[in-house]
Amino acid sequence: MLARRFKSDDSAVSPVVGVILMVAITVLLAATAATFFLDFGSGNIGQSAPQAAFTFDYDSEGSDSLAIEHRSGDSIQAGNLYITVSGASGASGANGQHDFTSIGAPAAGSDITAGSRVTFSEPSLDLSEATVTLNWKSPNSGKSIQLASWEAP
């Protein structure tokens, strides 16, 4: 008698299915909102970043200088490159962001290709405890990536 009553009683199935569907919809909406508001989908930087190898040649004779040379890879417009210097001393204004064209590179529209060399130096510059990073900024989106880095020996 009791077994028949349980077989025909399916009144709890509908609320359970409803709760599962509501939880699934809530999770889906939360994921969509997080993607939109937190800007997860904009990992691209407007165009493909250049693939290039750079070397740094540090000269500590007299006033320090750091030569940055494009060794291989894609050519890059000089106006899209900049360096960031931290930990330098001696010269005022050495720390901070410097456009590649302001440190001796060709004009902003010209290309930096393999073999191109630019030297960063200022009177009384001390790079003995500095870190220098070479960065590329996308002309389309304004976002940037680090291409190479140098730390003082």
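A: Strands (E, at least two residues) and helices (H or I, at least four residues) are DSSP runs, numbered from the N terminus. His-98 is found in strand E5. The model is predicted: local features need pLDDT of at least 70, side-chain atom pairs count only at pLDDT 80 or more, and totals for chains, interfaces and linings use all residues. Residues are numbered from 1 along each chain as its sequence is written, and side-chain values use heavy atoms, with hydrogens and water left out.

Q: Why is His-98 called buried?
A: Buried means under 20% relative accessible area, exposed over 50%, partly exposed in between (1.4 Å probe, protein chains only). His-98 has 11% relative accessibility, so His-98 counts as buried.

Q: Which residues does His-98 touch, not counting residues up to four places away in sequence?
A: Contact means heavy atoms within 4.5 Å. Among them are Tyr-82, Ile-83, Phe-120 and Glu-122.

Q: What makes Leu-125 buried?
A: Its relative accessibility is 3%, so Leu-125 counts as buried. Leu-125 sits in the loop between strand E7 (117-121) and E8. Leaving aside neighbours within four places in sequence, its contacts include Ser-63, Asp-64, Ala-88 and Phe-120.

Q: How do you know that strand E8 and E9 pair?
A: Two strands pair if DSSP finds at least two bridges between them. Strand E8 (residues 131-137) and E9 have 7 bridges, in the antiparallel sense. In E9, Gln-146 is the bridge partner of Asn-135.

Q: What is the strand order in the open sheet?
A: The order is E5-E4-E8-E9, with antiparallel pairing. Strands E5 (96-99) and E9 (144-151) each have a single partner strand, so they stand at the edges.
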